[in-house]
Amino acid sequence: MKELIIEINPLIYTLQAIKNTCYDFSGDSWVDIQSEETCIKIFFQKKENSINNIELKQQFMNRLLDHQIRIDTAKEFKTIREMIVAQAFEPCDNLNEVVGYMINDPSKTI
Amino acid sequence: MTPQKQYSLLPFRFDKRQDNYLLVNETGDHIFLEFSEFQQLINKQLKSDSEIFLNLKSKFFLYEKSLPKIIEVLATKYRTKHKFLYDYTSLHMFVVTYKCNQKCTYCHASSVSDVSDDKFDMDIKTAQKSVEFAFKSPSHNIKIEFQGGEPLLNFDIVKATVEHAEKINEEYQKNIEFVLCTNLTKLTTEHLKYIKEKKIVISTSLDGPADIHNQCRKYFNGKGTYEDVINNLKMAKSDLDDGMVTALMTVTPFNVHRLKEVVDEYLNQGLEYIFFRKLNPFGYAYKNEILDYTLNDFIIGYKEALDYIIQLNSSGVFFPEVFSTLLLSRILTPFSTGFVDLQSPTGAAISGIIYDVNGDVFISDEARMIYRTTGDKKFCIGNVNVNSWKEIYSNPQLREIIEDSCIDALPGCAWCVYKTYCGSDPVRNYLTQGDMIGYRPTNDFCQKHKAIFNLLFSYLEKLDDKTDNIFWSWITNRSLDQVENFTSNMTINESI
């Protein structure tokens, strides 16, 4: 029996953010993700009745927002993170050139 | 009107707390932001002359220009934090016997009685082969730790190992240390003479005052061992130099709410620090209801005891809690801390390794425990009597274990605000959750460390000067007076 259903607007939240959030909540609830025409539906069945549905939805939505921010900010610095790790273990002499190249085209990966 | 973008973000992770956000960057710097400040940060609305902007910039959460130079600096910091990878395997544990004269309730070692036959002892050929194997590690530091069972019951092999290591080291010239993990009850003056001569550090177990210690640490006949442990502890301490006799304790249901008494016991016995180790689910402790207690109980007990220890330090008694010290070093300094039980990738094999009585090589003591209790040899990567160093370390099984323990790529860990300071335990995940990656929402290893990080950051968030100095005295292993004199001299110099 499905106890709580949350509808998510996929134009605002990416599937990755939704999945990461569902993972965080999957310890306390059985979670099912289904894609519909205009929204993504999350079905929760609580394993224990320790939290009411209103609180569960509030916590889920707040966590979803945090995960979306993580994904959005990661787009900005993902390449920088890769360059830090690469430079840490395989330093290159032409770092200026590499940085210019990578930052100008963030789709490139190291 | 949104101001023009003046800055860009550098990599960080964050977590929303009750009253603020905690941000931690890729190299371990942290900062607390109010909700509004966080919102301004990610919306690029911070003013470049504001204090919060300058703090974030100085701690490498954002930058304005010169990205290549910043990457160079952050790469150096990142490399420094991961220095343990370059050190490679420095901890080598030798199980010299399964025999033991004690039958502790929570024994991880699944020991056999001390009257068992010699097939439970490491022989000299295996000991020598294990030493030669250990020295092939590229690490310049080799720590040989004798375990069991009770290593004093095969002291001849302990001696043979020490002497062979010294002989081999004439060629290698590494820094070698020896540690003897012993219950102390079989210690004699003969043993002590050798231990003193060879500068072997003794590490024993003391769970608290007599009534606590004797609950779990007993002889085969059920009698508690406290009295004999304390007598021999005193004997060892009187004979050996300061710092050469240490003790560890295990948190059990019998002391989790009495950790202050355990601290007092340690102080009474002249011990220099304490390490509150939560009971791990290996050996006799696996699914043993007698030894069960909740994580909440552990955290409550830990906090009460830590507050007590801080109070003691504040009154002039230098007495650190080891695990907090280790984590505070990771949070407050740029340096790598070698602690094989909390590393990413796991310290198993690449930082510490264990040689069983027959020469089998396991990636960790816990891995060996799984084999002893279940027969599952998944984490055995070879045998010193059969395989070369190259064969053992290039074992594809080991590569899989290392890959599955990099928390940058594990669900839950990858986005955790404490990722930079944390690590994984693929062996424990395998035992308790069925695979090496584990499942974070119900993973007790994760929950425990998160709870302790939350606790430490709650101190750091509201840090007063006294507690700050106490933490730094632990990190730097200096007295509180020395730290306070140093900081007050700094203040005087700044005001000149």
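These notebook entries record what I looked up in the structure, which is a predicted model.

**Entry 1: the interface of chain B and chain A**

I began with the residues that meet across the two chains. On the side of chain B, 34 residues are in contact with 26 residues of chain A. I then looked up the area buried between chain B and chain A, which is about 2700 Å². Carbon and sulfur atoms give 67% of that area. Within chain B, the residues that lose the most area to chain A are Phe14(B), Ile71(B) and Trp415(B). Together these three make up 25% of what the chain B side buries.

**Entry 2: polar contacts and salt bridges**

I next turned to the polar side of the interface. Between chain B and chain A, 11 residue pairs are in polar contact, counting pairs with both residues at pLDDT 80 or more. For salt bridges, the rule finds 2 across the interface of chain B and chain A. I also looked up the salt bridge in which the side chain of Lys44(B) meets that of Glu76(A), with an N to O distance of 2.9 Å.

**Entry 3: which elements of chain B take part**

I listed the elements that give two or more residues to the side of chain B that touches chain A. They are β1 (8-9), β2 (12-16), α1 (35-42), α3 (67-81) and α4 (83-87) of chain B. The largest share comes from α3(B), with 8 residues. By residue class, the side of chain B that touches chain A holds 21 nonpolar, 5 polar and 8 charged residues.

**Entry 4: Ser130(B)**

Ser130(B) lies in helix α5, which spans residues 124-135 of chain B. Is Ser130(B) buried or exposed? Ser130(B) counts as buried, because its relative accessibility is 0% and the cut-off for buried is under 20%. Leaving aside residues up to four places away in sequence, Ser130(B) touches Phe94(B), Met122(B), Tyr355(B) and Val384(B).

**Entry 5: cysteines**

How many disulfides does the structure hold over all chains? The number is 0. Cys104(B) is in no disulfide, and its nearest cysteine sulfur, that of Cys107(B), is 6.2 Å away. A disulfide requires sulfur atoms within 2.5 Å. Cys104(B) counts as buried, because its relative accessibility is 8%. Cys416(B) is likewise in no disulfide. The nearest cysteine sulfur to Cys416(B) belongs to Cys446(B), at 6.3 Å. With a relative accessible area of 14%, Cys416(B) is buried.

Key: Residues are numbered from 1 along each chain as its sequence is written. Chains are lettered from A and ligands numbered from 1 in the order in which they are written. This is a predicted model: local features need pLDDT of at least 70, side-chain atom pairs count only at pLDDT 80 or more; totals for chains, interfaces and linings use all residues. Side-chain values use heavy atoms; hydrogens and water are left out. Helices (H or I, at least four residues) and strands (E, at least two) are DSSP runs, numbered from the N terminus. Buried means under 20% relative accessible area, exposed over 50%, partly exposed in between (1.4 Å probe, protein chains only). Contact means heavy atoms within 4.5 Å. Buried area is the accessible area (1.4 Å probe) that two parts lose on being put together, summed over both. A salt bridge is a side-chain nitrogen of Lys or Arg within 4 Å of a carboxyl oxygen of Asp or Glu. A polar contact is a pair of N or O atoms within 3.5 Å; within protein, one must be able to donate a hydrogen and the other to accept it, and residues adjacent in sequence count only if both atoms are side-chain atoms. Ala, Val, Leu, Ile, Met, Phe, Trp, Tyr, Cys and Pro count as nonpolar, Asp, Glu, Lys and Arg as charged, and the others, Gly among them, as polar.
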